[in-house]
Amino acid sequence: MNIRIKNSSNDPIYLQIKNQIRDAIINGEFEAEELLPSIRVLAKELRVSVITTKRAYDELEREGYIHSVQGKGSFVAAQNKELMREKMLKKIEASLLDALRYAKLAEISKEELVQILDILED
Amino acid sequence: MQNAIELNAVKKQLGNFTLGPISLSVPKGCIVGYIGENGAGKSTTIKLMLGLLRADEGEIKLLGNNIKDFTPEMKKDIGYVFDNLYIPQEMNLKNAISFHEKLYGSAWDSKTCNSFVDRFNLPHNKEITHFSRGMKMQLGLTFALSHGAKLLLLDEPTSGLDPVIRDDVLDILLEYIQDENNTVLISSHILSDLEKAADYIAFIHKGQLLFMEQKDELVESCGILSLSSEQARDIDPSAIIGKREHKFGVELLVRRSLVPENMDMDKVSIEDIMIYMIKEDRQ
């Protein structure tokens, strides 16, 4: 797994870390129950504060991507395919709603929208 | 024991300078950057913690024990580095090491000491008086880390040192807190170093502790706005932490939560926050 931190990014550092680990989990870069680096190791390697990496892990845990065992570390949670699909559908819906809103503002028809989608897919 | 450092309404009068009353709690397992201007009281605070000065009022606890009740054994749990190395300057490396070995007795860890001496490539036969500034600091850090200390108090260890050595210190501190029972308090002017690794920033100004906050929250909660003088008037005054006015406009350091969300804001550094706050105070 690679983690890149951009100081120029508008996203806070904990969020950059969280998103990249989340994407790695979703992309199947980890086995279920694989041990993740400890928050202290991660902080040292990335040269960020321990609080930053802890916050990233806390959020990943809250969203169900990892689970932590006191004194043992953080493990990649077995990803429930249904659950994952559900989460992704929600994100797609939200993005499409945005797209629809912009389309309405600019008076772009539904047909045109479908066309854009076809073009983007290619 | 959750807090490595606890200061409770600590006060010290030195001539016409008053430190405190300061109350400060540092949870164990973290790095705290202690920042402030020259003469703000950073060194005084650290000297009080080490018992080199005695507080007029208040209570200081390190690693769960009041420093008044410290036994010689407890003192070995504290490591410290000052901006200079206060040992006889005519000693060479070997003398200085055996001096510390005797001082710390069974707590002394020769293996760790040797590994740092090798890592820093310190000269074995030179007298310490001929050591460069950087080498003196590296030797001080070697001693501080070679007796199993659980708390490191560093007073301006990196001032006047080149970026490469400073960077190395940062690595060593990050290695040190891999053990979650270890804690570091470091005072420094070089805020870019603290920006990278500190968990908390404590800011002292004219003897008063203005805040101690998680670094991430601090940096995320503030922003810098560049506006025209007219636009600046529309900003809620309670949002403004500091400002810099110039002929062609105004730059404001603001609390993000108190200004409209869509405003174009620059990210802040710890240095920005310190400079804006001190300048605001002078006006």
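In chain B, strand S1 (residues 3–14) and S2(B) are paired in the antiparallel sense over eight bridges. Two strands count as paired if DSSP finds at least two bridges between them; helices (H or I, at least four residues) and strands (E, at least two) are DSSP runs, numbered from the N terminus. The model is a predicted one, where local features need pLDDT of at least 70 and side-chain atom pairs count only at pLDDT 80 or more, while totals for chains, interfaces and linings use all residues. Residues are numbered from 1 along each chain as its sequence is written, and chains are lettered from A and ligands numbered from 1 in the order in which they are written.

**The four-stranded sheet of chain B**

- S1(B) and S2(B) belong to an open sheet of four strands, ordered S2-S1-S4-S5 with antiparallel pairing.
- At its edges are strand S2 (17–27) and strand S5 (65–66) of chain B, each of which pairs on one side only.
- Helix H1 (residues 42–49) of chain B lies across S1, S2 and strand S4 (57–62) of chain B, at about 115° to S1(B). Such angles run from 0 to 180 degrees between N-to-C directions, with axes as lines fitted to C-alpha atoms, for helices over the stretch in contact; two residues are in contact if their C-beta atoms, placed from the backbone, lie within 7 Å.

**The three-stranded sheet of chain B**

- Another open sheet of chain B has three strands in the order S11-S13-S12, again with antiparallel pairing.
- Strand S11 (222–227) and strand S12 (240–246) of chain B each have a single partner strand, so one side of each is left without a neighbour in the sheet.
- From one strand to the next, the twist averages 15°.
- S11(B) is joined to strand S13 (residues 249–255) of chain B by six bridges, and B:Cys222 stands opposite B:Arg255 in S13(B).
- Helix H10 (residues 270–282) of chain B lies across S11, S12 and S13 of chain B, at about 80° to S12(B).

**Chain A as a whole**

- Chain A has five helices and two strands, in the order α-α-α-β-β-α-α from the N terminus on.
- Its radius of gyration (over C-alpha atoms) is 18 Å, well over the 14 Å that the globule rule gives for 122 residues, so chain A is more spread out than a compact globule. The rule is 2.2 Å times the number of residues to the power 0.38.
- The C-alpha trace of chain A spans about 55 × 35 × 25 Å along its principal axes.
- Of the 122 residues in chain A, 23% are buried, that is, with 20 or more other C-beta atoms (placed from the backbone) within 10 Å of their own.

**Helix H1 of chain A**

- Buried residues in H1(A) include A:Ile13, A:Ile17, A:Ile21 and A:Ile25.
- Their cover includes helix H3 (50–62) and strand S2 (73–76) of chain A, together with H8 of chain B.
- Just after H1(A), A:Gly28 takes a positive phi of about 75°.

**Where the chains meet**

- 15 residues of chain B are in contact with 10 residues of chain A.
- Helix H6 (163–176), helix H7 (191–197) and helix H8 (215–221) of chain B each supply at least two residues of the side that touches chain A, and H8(B) gives the most, with three.

Technical notes: Buried ≥ 20, exposed ≤ 12 C-beta atoms within 10 Å, placed from the backbone.
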